[in-house]
Amino acid sequence: MHGHGGYDSDFSDDEHCGESSKRKKRTVEDDLLLQKPFQKEKHGKVAHKQVAAELLDREEARNRRFHLIAMDAYQRHTKFVNDYILYYGGKKEDFKRLGENDKTDLDVIRENHRFLWNEEDEMDMTWEKRLAKKYYDKLFKEYCIADLSKYKENKFGFRWRVEKEVISGKGQFFCGNKYCDKKEGLKSWEVNFGYIEHGEKRNALVKLRLCQECSIKLNFHHRRKEIKSKKRKDKTKKDCEESSHKKSRLSSAEEASKKKDEGHSSSKKSEDSLLRNSDEEESASESELWKGPLPETDEKSQEEEFDEYFQDLFL
């Protein structure tokens, strides 16, 4: 009995193991069927080597990104260069750039600057020309600053004024010579400036304000055209007219004295006629006053007065 009972227990244990293995297979098959394509595989307690490597790579990449963001551009560049030399070999001297062909903004402006820009110059605009044109637009092109150091050779240098010179009054209220700061006895001159620019000959009319000594230098070979203000011209005209009026009055006075000697009778008649004419003019003027309102005179606005005032200053 005992042996038979033992045999039955062993047989039941085998059946139990077979059923458990079948259940495990079924669960694995069900999991495979239910697993989605993007779903990761399940692992046991110990992580798989591939998963551990991926996690480490992510952590290192996060730390590296954090350090790179904290660096500036130069530090980042030096780090990349050092890493390249460390992994691929080489020398730091191979990475040093040559600065022979380097150009600053000032160098670009000097190469592409023009004294006067035409429509043809603005046809094919590169970034260098646009930079030079932008600098040109900021200049004040009313009066010039002159370099008269080579006046004996009849060579002059002209350039437009910058903002600081306009604020200080250089070239308008002070002498326009580069090396002179006098402000007394200034004269305005108009010069036909001929120059060669980018292999092309050009001309431009330029206005200058110079003192007496610098004006002599400017006109050393031949005299230039002097610009005078309108008020001075009007004064000279008035002086000429007044002198002509004075001469005519003197001549009329001499003729009147001669006529007085000839006879008093004619003078009395003329006086009576003059008195009658004056009475008639007074009566006519009084009648015109009552006909209607006085004609309105054109008064100048404040802007027009300022314009007339500044016209004399800018010449």
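How many helices and strands does the chain have? The chain has 10 helices and 5 strands, taken as DSSP runs (H or I of at least four residues for helices, E of at least two for strands) and numbered from the N terminus.

A quick word on what you're looking at. This is a predicted model, where local features need pLDDT of at least 70 and side-chain atom pairs count only at pLDDT 80 or more, while totals for chains, interfaces and linings use all residues. Residues are numbered from 1 along each chain as its sequence is written, and side-chain values use heavy atoms, with hydrogens and water left out.

Of the chain's 315 residues, 18% are buried (under 20% relative accessible area, 1.4 Å probe, protein chains only). The accessible surface is about 27,400 Å², with 53% of that belonging to carbon and sulfur atoms (Shrake-Rupley, 1.4 Å probe).

Now for the largest pocket, with a volume of about 400 Å³. Its lining has 20 residues, and His113, Phe115, Phe158, Arg159 and Trp160 are the closest to its centre. A pocket here is an open set of points on a 1 Å grid where a 1.4 Å probe fits, with protein on both sides within 12 Å along at least five of seven lines; lining residues have an atom within 4 Å of a point.

S2 gives the most, with 4 residues. By type, the lining splits into 12 nonpolar, 2 polar and 6 charged residues.

Notes
Buried < 20%, exposed > 50% of the residue type's maximum accessible area, 1.4 Å probe, protein only. Points joined across faces, edges and corners; volume = space filled by probe spheres on them. Nonpolar A, V, L, I, M, F, W, Y, C, P; charged D, E, K, R; others polar.
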